[in-house]
Amino acid sequence: MRIIALAVSCLFAASASAQETFKLGIVSFLSGPAAESFGVPAVNGAKVVLEAFNKGQAPAPYNKTGFGGMRIEPVFVDENGGATKQVQELRNLYDREKVDAVVGYVGSGDCLAVAPAAEEMKKFLILYDCGTPRIFEDGQYRYVFRTASHAVMDNVALARYLKARGIKFSTVNYINQDYAWGHDSRNDFKAAAAQLFPGVKNQADLLPKFGAGQYGTEISALLSQPAELTHSSLWGGDLQAFILQAAPRDLFKKTQVVFSAADHVLPGLGDRMPDGVILGARGAYGLMSPKSALNDWWWKLYSDAYKTYPVQAPYRMVQSLLGLKLAVEKAMAANGGKKPTGEQIAAALKGSEWESPAGKIRMALGDGHQAVQDTAIGRTKYDAAKKMVTLVDIQRFNADCVNPPNGVKGEDWIKGGFKGAKCD
Amino acid sequence: MNTALTILADGVAYASWLFIVALGLTLVFGVLKILNVAHGSFYAVGAYAAATFVAWFATWGFAPWLSLIALLLGSVAVAALLAPLTERGLLRVFYGRDEVLLVLVTYALFLVLEDLMKLVWGVNPYFVTAPYGLFGNVQIGGQSYVGYDLALVAVAITCGLGVWWGLNRTRAGKVVLAVIHSAEIAASMGVNVGRVYTFAFMFGIFLAALGGALTAPMISVQPGVSVAVVIVSFAVVIIGGLGSIEGAAIGALIVGMARSLAVHTWPPAELFSIYAAMAVVLIFRPEGLFQRVKARRI
């Protein structure tokens with residue numbers, strides 16, 4: 001009799017679970033200068049992956065329908081408009097839309113603003129894209145996570161690549177955007193280069209505003225003080241404009257240019273992208289992604305839907321959603337099959353690890369709230385036969401080689417000589 | 001010496017680009033007394049239209065140099081289609097109201113146009129680089145400049161002189177000046193003020209779209225290109241005096257040179273230099289360099 005009662009209650013529970021939805025806020029740039037390169041591709045990635053989740057068509061261990069049987073109902077919000085607006089929009093998502101979790105934010109300034117707001121509201125938040133290391137280095141959070149490595153990895157990997165490939169330089173020029181991302185990237189590369197190339201001299205240090213569009217004066221300044229290496233973390237429309245304006249002036253022939261996050265401009269620029277540029281993608285993404293069944297599935301899913309291959313932003317979105325899915329399902333199991341609270345999901349995600357198309361993601365920093373992952377750096381080469389920019393001389397770096405250990409600030413780790421780094 | 005030449009060349013090139021856009025902004029304010037916040041959106045539409053026309057010309061197999069004509073046609077199309085629609089369909093409803101209300105209306109228009117552009121052209125970037133390589137490179141002060149950038153100086157001078165000549169040396173220009181001085185008296189003298197407003201707005205929008213079209217070959221045309229240019233253009237027209245063509249030229253030169261000097265000598269002061277120059281001008285000339293103090297009408 002008790003078995004029958006249990007079976008009936010399970011059926012009811014399963015039925016309730018099947019009808020239940022998991023409301024997920026997804027915030028990214030749908031308008032403005034960051035929409036084309038980051039926001040829209042990431043949201044596009046989210047759409048196809050969530051659809052696959054809801055149909056139960058993702059490969060194992062992500063093959064349960066929705067999140068543990070709950071249908072995922074996304075609510076998309078535009079990140080454009082500044083940090084103050086984003087804090088209000090985040091509150092609206094939790095209070096009015098009653099979302100169960102939020103995944104979002106490309107802008108480092110936005111991340112720095114919304115993280116304390118989510119924590120204050122005791123609501124679950126995943127930062128999926130932004131790069132500034134300050135979030136978990138300067139603050140402690142219980143409900144906030146970042147499922148991608150921070151910018152320290154990108155610039156340490158660039159410097160290690162230059163060292164590994166025997167590229168010698170004694171002078172460096174910089175051009176980075178004048179906000180948190182640009183400043184942090186420049187500082188990290190400066191510090192890493194100082195460690196790996198002692199005596200290197202820093203010259204021009206340009207910080208054009210975000211969205212400047214016109215770089216003629218900056219290019220003249222870079223050419224006026226010729227350096228053997230030029231470092232930049234420009235991205236999106238700014239990066240495309242810089243390349244279009246700098247290439248005819250032979251900047252790329254006069255200096256070795258290194259970009260910390262430039263893979264996303266390759267499909268659009270095509271043969272306008274100069275050969276020989278060294279670049280990263282903020283992870284082993286796109287043309288530098290590892291061969292795996294999961295990556296093949298994701299590549300096909302995205303490419304079939306959008307007729308272009310996925311670059312870094314959709315990769316980071318999908319790895320956050322995969323991690324969230326496993327965390328929700330783990331928390332659900334611990335909660336007797338019932339929909340978990342934000343607190344329970346946070347407990348499940350903390351310190352966890354999962355496979356993504358870009359390799360393993362480990363929540364190893366920030367007391368289990370900040371991810372580390374492997375990354376890769378490559379060099380551009382246009383393939384006329386394929387009519388696309390390819391990446392050659394790709395070198396992979398494991399997560400422990402290019403990320404600081406837990407509890408150590410990235411900047412201190414670099415300046416201390418990368419103590420604890422495991423590069424074998 | 002070379003550094004001074006480089007600073008000068010960069011400053012003038014940047015000022016030329018700015019002047020083409022700011023000229024339209026100041027012209028619209030001078031005639032219609034509208035501070036058009038949506039000016040940057042027309043600049044962006046001009047860039048998109050240019051991208052579309054250049055792509056069509058390439059598809060039809062036209063010679064590369066004809067892409068310059070495509071840029072011009074794109075600007076003309078924006079001015080001919082969008083400007084009358086905006087002026088007659090929207091702005092005219094608010095004439096005579098508080099100027100602040102018109103600022104808000106154009107801000108609303110800016111937001112609407114931003115979304116309309118996404119609906120029409122999507123969010124993927126457009127590249128129209130063909131015209132950028134047409135003029136080769138030029139050596140100035142030991143630097144190699146793209147000839148196209150320097151050609152913009154000639155375009156800016158042509159636009160400035162053309163507008164000045166049109167206003168001061170033609171009958172139609174004198175009618176426009178009459179409307180600028182007093183629309184009521186001009187109307188009482190038989191001037192069709194509404195038509196003057198429409199054509200002045202069209203020409204202002206043409207200059208905005210031309211600025212965008214000429215910029216398109218050196219950038220990737222995508223959402224968000226409108227914001228930066230309109231903010232700096234406002235600085236230019238405020239320095240020069242709202243409604244003054246000479247003021248826009250001098251304002252653009254001041255902004256261009258201040259920015260160039262800062263980037264070459266003290267890069268962190270790039271933005272500061274622009275607004276410091278504006279602040280200094282406004283301390284001594286609160287109405288801008290070329291704005292005469294007007295008696296208040298009672």
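Here's a short walk through chain A and then chain B.

Before you click, remember that this is a predicted model, where local features need pLDDT of at least 70, side-chain atom pairs count only at pLDDT 80 or more, and totals for chains, interfaces and linings use all residues. Residues are numbered from 1 along each chain as its sequence is written, with chains lettered from A and ligands numbered from 1 in the order in which they are written.

Select 2–150 + 290–373 of chain A for domain 1, then 152–283 + 374–415 for domain 2; these bounds come from an automatic or database domain assignment. The C-alpha centres of the two domains of chain A sit 29 Å apart.

Now go to where they meet: 29 residues of domain 1 of chain A are in contact with 24 residues of domain 2 of chain A (C-beta atoms, placed from the backbone, within 7 Å). On the domain 1 side, colour α2 (35–55), α4 (108–121), α13 (312–334) and β12 (359–365) of chain A, the elements that each give two or more residues. Helices (H or I, at least four residues) and strands (E, at least two) are DSSP runs, numbered from the N terminus.

Hop over to chain B, which has 11 helices and two strands. Trace them from the N terminus and you'll read α-α-α-α-β-β-α-α-α-α-α-α-α. Its C-alpha atoms fill a box of roughly 60 × 50 × 35 Å along the principal axes. Finally, among contacts in chain B between residues at least 6 apart in sequence, 75% join residues at least 24 apart.

How values were computed. Contact = placed C-beta atoms within 7 Å.
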